[in-house]
Amino acid sequence: MEVGRALLVPLMVAAVVCIPMVIALLICADELVDRFACRWARWRSRRRERRVVARLDRAVEADALTRNIDLSRLDRPDRQPLEQLATELRQLRAHQVGGGRATVWHEATLASYDNRLRLACAALGIRQHLDELAGADREIERVRVEGLLHRAGLILPGARPVHRQRRR
């Protein structure tokens with residue numbers, strides 16, 4: 001009987017020490033399960049995305065499309081960031097639309113706008129013919145280039161008329 005008591009005392013001490021941990025574990029179990037479930041869902045989502053991207057790469061043969069692209073050309077120190085070009089194009093477009101300026105001002109603004117369009121086209125790999133054309137043909141080419149830049153993701157505001165026609 002003494003041997004039974006000797007074993008019972010450490011078991012009772014262990015139970016008294018472990019009961020708060022068991023209660024805390026039961027209280028926090030839902031949070032632990034929730035964390036595990038969230039991590040599991042994120043892992044599955046990332047895995048699914050990687051598989052979809054791999055399938056798309058195989059379907060469009062992405063390696064063959066990008067094999068001939070020289071990425072070092074994009075890291076030139078003299079290359080202007082595309083975001084800065086977009087900002088300058090928007091500002092120059094706003095100056096173009098504003099009325100009441102001298103012809104010299106308008107032509108200088110237009111020349112600067114065309115220069116920025118050329119730089120944006122070069123950055124995005126879009127062919128343009130602004131240098132080769134003049135007059136109305138150049139204006140048509142400018143609209144075409146703006147459309148191609150828009151399709152490539154560079155959104156420029158459209159020209160707004162200076163004066164609105166009154167409705168009668």
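What pattern does the protein follow when it is read along the sequence? The pattern is α-α-α-α-α, and the protein accordingly holds five helices and zero strands. Helices (H or I, at least four residues) and strands (E, at least two) are DSSP runs, numbered from the N terminus. The model is a predicted one, in which local features need pLDDT of at least 70 and side-chain atom pairs count only at pLDDT 80 or more, while totals for chains, interfaces and linings use all residues. Residues are numbered from 1 along each chain as its sequence is written, and side-chain values use heavy atoms, with hydrogens and water left out.

Of the 168 residues in the protein, 16% are buried. Here buried means under 20% relative accessible area, exposed means over 50%, and partly exposed lies in between (1.4 Å probe, protein chains only). The accessible surface comes to about 14000 Å², and carbon and sulfur atoms hold 59% of that area; such areas come from the Shrake-Rupley method with a 1.4 Å probe, and for residues only the protein chains shown count as cover. Among contacts (heavy atoms within 4.5 Å) with a separation of 6 or more, 56% join residues 24 or more positions apart.

H5 has 16 residues and reaches 23 Å from its first C-alpha to its last, close to the 22 Å expected at 1.5 Å a residue; the expected span is 1.5 Å times one less than the number of residues. Glu141, Arg142, Val145, Glu146 and Leu149 are buried in H5. They lie on the same side of H5, because they cover an arc of only 140° around the axis, an arc being that of the directions from the helix axis to the C-beta atoms. An α-helix has 3.6 residues a turn, so residues three or four places apart point the same way. On the other side of H5, Ala136, Ile140, Val143 and Arg151 are exposed. Gly153, with a positive phi near 110°, follows H5.

The side chain of Gln128 reaches the backbone nitrogen of Leu130 at 2.9 Å. Leaving aside neighbours within four places in sequence, Gln128 is in contact with Arg118, Cys121, Glu141, Arg144 and Val145. Two of these partners, Glu141 and Val145, are buried in H5.

A search of the whole structure finds zero disulfides, a disulfide being a pair of cysteine sulfur atoms within 2.5 Å. Cys28 is partly exposed, with a relative accessible area of 37%, and Cys38 is also partly exposed at 37%.

Technical notes: A polar contact is a pair of N or O atoms within 3.5 Å; within protein, one must be able to donate a hydrogen and the other to accept it, and residues adjacent in sequence count only if both atoms are side-chain atoms.
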